[in-house]
Amino acid sequence: MLRKFKKSASLILAVSMAVSLAACGGGSTSGGSEAPAAASGDASSFTPITLRMGNQHNAESFGNKLDQELCDRIAEETEGRVTVELYSDSALGDYTNMFDELMVGSLDMAHISPVESYDARVSGTMLPYLAFDYDTLLKAYSEGSFLHTEISDALNNLGIHLGGIFCEGFNGIGVMQELENPATPGAEKGCIVRSPMLDVYSLELQDLGFRVSSLPYSDTYTSMQTGVVAGLAGCTSQMNYLAFRDLITHFYDYRYNQEATMILISNQTWEKLLPEDQETISNIISEICAEAAVQAEEVCNEYMDMLTEMDISVVTFTDEELNAFSESSRANVWPQLAANYPDGWLDSLLTELEAA
């Protein structure tokens with residue numbers, strides 16, 4: 001049984017038509033369940049192509065810097081056959097808009113958060129308390145793992161090629177006040193926080209004891225200024241520092257979700273590339289994602305230190321406390337999320353995690 005795996009066919013068709021009419025171009029071959037064939041021909045006869053890549057990252061973030069490194073390397077290592085123009089700071093729309101454009105081929109590449117609207121498996125990287133240490137987390141994300149294979153299949157069915165899973169670190173909660181009962185799962189925390197519009201976030205935050213408001217990220221700063229919410233969830237220490245340090249007074253390192261974004265390529269774009277360039281780009285993305293995984297913990301710790309230097313109180317939790325949060329999540333949140341996935345899907349994921 002699958003539930004919430006896809007919106008209705010009419011919705012997807014409507015999105016496709018709307019985006020196609022607004023787009024400047026895009027491939028003529030629509031994505032589907034079959035993996036697209038690569039472009040034929042050889043390098044000497046291939047016409048150079050310029051791709052547009054959007055991300056949701058602040059220009060100062062390490063994610064954006066690695067994206068630029070990715071673009072530079074693609075141009076160099078494909079000997080100029082493939083050039084990628086990077087648009088940061090959600091300049092091409094928010095992550096949901098970019099995801100829809102990837103599906104229909106009007107955007108070539110994106111580095112964005114997963115969108116679960118069409119297939120819940122896509123957001124499996126962000127399951128609450130999937131892990132709260134990096135070693136376990138990276139095993140779950142590795143190529144060939146149950147999770148990676150399932151996400152790749154789900155995306156391909158939507159016309160999108162999974163380049164790689166990009167680990168940006170664990171999310172905490174930045175607030176403009178001290179929390180009540182911060183270390184007690186389920187106990188009222190005394191405030192409303194902004195939550196991303198994903199079940200993997202909102203259900204977990206409620207289990208921790210927060211009241212939530214599912215606001216778009218772009219509305220969060222103003223909503224905090226005006227008192228609509230007292231804080232935000234869905235950001236690492238880095239983004240709390242870069243975007244909200246003048247508002248928040250406390251940062252709580254709950255590690256409840258992983259900021260696991262993805263580097264994605266439209267199938268329609270992927271099929272235009274020579275096989276050797278596909279291989280080159282795949283290798284570059286794998287290396288960039290591996291570099292991100294090494295940097296993630298260091299960067300998150302560095303930015304927590306920087307928050308402290310700004311007189312923002314940084315609260316961390318013991319392994320015992322993190323285990324208590326995790327156990328509560330597995331008991332209360334995962335059963336609610338299970339309805340979004342195929343029968344036994346979460347059990348299969350847990351079995352692999354426990355064997356790791």
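The bend at a residue is the angle between axes fitted to the seven residues ending there and the seven starting there, and by this definition helix α10 has a kink of about 35°, centred on Q295. The structure is a predicted model, in which local features need pLDDT of at least 70 and side-chain atom pairs count only at pLDDT 80 or more, while totals for chains, interfaces and linings use all residues. Residues are numbered from 1 along each chain as its sequence is written, and side-chain values use heavy atoms, with hydrogens and water left out.

**Helix α10**
- Helices here are DSSP runs of H or I with at least four residues, and strands are runs of E with at least two, numbered from the N terminus.
- Helix α10, residues 275-309, has 35 residues and reaches 49 Å from its first C-alpha to its last, close to the 51 Å expected at 1.5 Å a residue, where the expected span is 1.5 Å times one less than the number of residues.
- After α10 comes D311, whose phi is positive, near 65°.

**The loop residue M197**
- M197 lies in the loop between β6 (192-194) and α6 (199-208).
- M197 is exposed, with a relative accessible area of 52%, where exposed means over 50%, buried under 20% and partly exposed in between, using a 1.4 Å probe and protein chains only.
- Not counting residues up to four places away in sequence, M197 touches E116, S214 and P216, contact meaning heavy atoms within 4.5 Å.
- M197 and L215 are 18 residues apart in sequence, and their C-alpha atoms are 7.1 Å apart in space.
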